[in-house]
Amino acid sequence: MTTFHIANIRDDIRGSADSGYRVLVDRIWPRGVSKERAGLDEHRKEVAPSNELRKWFGHDPVRFDEFTARYRAELDASGAAETFARDMAGHPLVTLLYGAKDHEHNQAVVLKQVLEELDGHTA
């Protein structure tokens, strides 16, 4: 079973020895973060929300519940979460990195929930 953590890439540059496999889950590279300093193992754009959904959401906490439902629908339709979960199965710890300033209302929070459900974690 894989354990998924989430972290803001700006707060977690290069991570720590115990941050596991590090994956950026944003469609767009975060401003002000160099690829060299990020210390990523992967950048997986396909698990990020569509550009249309991202722009609609605009990181407005009032829209988060609707964003969550729409994002889950996108993940279900594309199969990207299932593929990602399968690809991460060999890693005991995966840190999902995001660039949003809001630590509670972002796609990594939703993606972590979806991945844990797929991996058999109890919610």
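Asp-76 sits in helix H3, where helices (H or I, at least four residues) and strands (E, at least two) are DSSP runs numbered from the N terminus. Asp-76 is exposed, with a relative accessible area of 56%; buried means under 20% relative accessible area, exposed over 50%, and partly exposed in between, using a 1.4 Å probe and protein chains only. Asp-76 and Ile-9 are 67 residues apart along the chain, and their C-alpha atoms are separated by 26 Å.

Lys-101 is another exposed residue, at 78% relative accessible area, and its place is the loop between S4 and H5. From Lys-101 to Tyr-71, 30 residues apart along the chain, the C-alpha separation is 19 Å.

## What kind of model this is

This is a predicted model, so local features need pLDDT of at least 70 and side-chain atom pairs count only at pLDDT 80 or more, while totals for chains, interfaces and linings use all residues. Residues are numbered from 1 along each chain as its sequence is written, and side-chain values use heavy atoms, with hydrogens and water left out.

As for pLDDT (the predictor's confidence in each residue, from 0 to 100), the protein chain averages 91, and 93% of the residues score at least 70.

Helix H4 covers residues 80-88, and its buried residues are Ala-80, Ala-81, Phe-84, Ala-85 and Met-88. They span an arc of only 130 degrees around the axis, which puts them on the same side of H4; the arc is taken over the directions from the helix axis to the C-beta atoms.

The buried residues of H4 pack against strands S1 (3-8), S2 (21-24), S3 (42-43) and S4 (93-98), and against helices H3 (64-78) and H5 (107-118). Contact here means heavy atoms within 4.5 Å.

H5 has 12 residues and reaches 16 Å from its first C-alpha to its last, close to the 16 Å expected at 1.5 Å a residue; the expected span is 1.5 Å times one less than the number of residues. Its buried residues are Gln-107, Ala-108, Val-109, Val-110, Leu-111, Val-114, Leu-115 and Glu-116, and these pack against S1, H3, H4 and S4. Just after H5, Gly-120 takes a positive phi of about 90 degrees.

Asn-106 lies in the loop between S4 and H5 and counts as buried at 0% relative accessibility. At the start of H5, a side-chain oxygen of Asn-106 reaches to within 2.9 Å of the backbone nitrogen of Ala-108. A polar atom of the Asn-106 side chain also lies 3.5 Å from the backbone oxygen of His-103. Not counting residues up to four places away in sequence, Asn-106 touches Phe-64, Phe-67, Tyr-98 and Ala-100.

## Gln-107, polar but buried

Gln-107 lies in helix H5 and is buried, with a relative accessible area of 7%. A polar contact of 2.3 Å joins its side chain to that of Asp-26. Such a contact is a pair of N or O atoms within 3.5 Å; within protein, one must be able to donate a hydrogen and the other to accept it, and residues adjacent in sequence count only if both atoms are side-chain atoms. Leaving aside neighbours within four places in sequence, Gln-107 is in contact with Val-25, Asp-26, Pro-49, Phe-67, Tyr-71 and Tyr-98.

## Nonpolar cores

A nonpolar core is a set of buried Ala, Val, Leu, Ile, Met, Phe, Trp, Tyr and Cys residues joined through side-chain atoms within 4.5 Å. The largest one has 26 residues, and those with the most contacts inside it are Leu-96 and Leu-111. S2, helix H2 (51-57), H3, H4, S4 and H5 each supply at least two residues of this core. H5 gives the most to it, with 6 residues. Apart from this core lies another, of 6 residues, among them Ala-7, Leu-24, Ala-38 and Leu-97.

Leu-96 touches residues including Phe-4, Ile-6, Val-23, Phe-84, Ala-108, Leu-111 and Leu-115, not counting those up to four places away in sequence.

## A positive phi at His-59

Most residues other than glycine have a negative phi. His-59 is not a glycine, yet it has a positive phi of about 55 degrees. This histidine, His-59, is in the loop between H2 and H3 and counts as partly exposed at 36% relative accessibility.
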